Amino acid sequence: MKEAYAYKHFNVQFPQQYVAHVEINRAAQLNAFFEAMWIELGQLFNQLSIDPSVRAIVLTGAGDKAFTAGLDVKAASQELFSDSDDDDDDNNNNNNRSAPDAARKAAHLRRHIASFQDCITAVERCEKPVIVAMHGFSLGLAIDLSSACDVRLCARDAKFAVKEVDIGLAADVGTLSRLPKIVGDFGWVKEVALTARMFGAEEAQRVGFVSRVFENKAEAVRGAVDLAALIASKSPVAVQGTKELLNWSRDHTVQDGLRYTAIWNSAAVQTKDVSAALLSGIQKRKPTFEKL
């Protein structure tokens, strides 16, 4: 099964039945992301989403220093912010490359940013619950990426920051849209996003950004795998339905959420998993569920 997940910048292992462990694999550069990495990230989570042998996913970063230090600024300056416009043949022909048309430049950048956003959103869109275990430096893109996960855990040495204002940007791949809904404190989000100040594990837990803090990385990863295994032991119909309904209801009214849930469950409750779970409870045994 591992052979089906041969990615250059991510290690994928399967530590327990139905559990996938995805590790960002660029430790020498503090797991900083560049374009090829976020493209791979999207492809990887799209693959995991439809793999019937996976029911829960753990996301971590390689090495001892960082979950991810965010964007590889040097690479990004070449990939995103170069003044050259090689794709614009008209500008090449009229020798006006020193002043490319602003509207066309904006359209190119908008598509590029939207593609980047979609790669991060692939984590949230993944049908399987994703548990992230962070440690060390968890900056910038780390907040975008973890905000797209379903459960956030961290080691006590985790150092968080919404760093984008320090490089002249507004965070644009998820933090400003997702973080306020996660913590429910708009003032706190504005403070950390506008100042780029560091905050630690205890503050992250206090505001609700992470649900548990572990003493070190090893314990955080172990805790994430154990939690993933517990989730994976449940009915995949129930688990995937719960994730879908929670995410949908977050962005809609209560009444809309209730209606969507009723429509969803009118199909889902017909699963054999319901009778299997009820019967196993009566018989005091662990239920087993078919792949989905």
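## Cysteines and disulfides

The count of disulfides, defined as pairs of cysteine sulfur atoms within 2.5 Å, comes to zero. A disulfide is a covalent bond between the sulfur atoms of two cysteines. This is a predicted model, in which local features need pLDDT of at least 70 and side-chain atom pairs count only at pLDDT 80 or more, while totals for chains, interfaces and linings use all residues. Residues are numbered from 1 along each chain as its sequence is written, and side-chain values use heavy atoms, with hydrogens and water left out.

For cysteine 119, the closest cysteine sulfur belongs to cysteine 126 and lies 14 Å away, too far for a bond. Cysteine 119 has a relative accessible area of 9% and is therefore buried (under 20% relative accessible area; exposed is over 50% and partly exposed in between, with a 1.4 Å probe and protein chains only). Cysteine 154 is also buried, at 0%. Its sulfur is 13 Å from that of cysteine 149, the closest cysteine sulfur, which is too far for a bond.

## Positive phi angles

Most residues other than glycine have a negative phi. Tyrosine 18 has a positive value, with phi near 70°. The residue lies in the loop between strand S1 (10-16) and strand S2 (19-24); strands (E, at least two residues) and helices (H or I, at least four) are DSSP runs, numbered from the N terminus. With a relative accessibility of 17%, tyrosine 18 counts as buried.

Leucine 30 likewise has a positive phi, near 55°. Its position is in the loop between S2 and helix H1 (35-49). At 28% relative accessibility, leucine 30 is classed as partly exposed.
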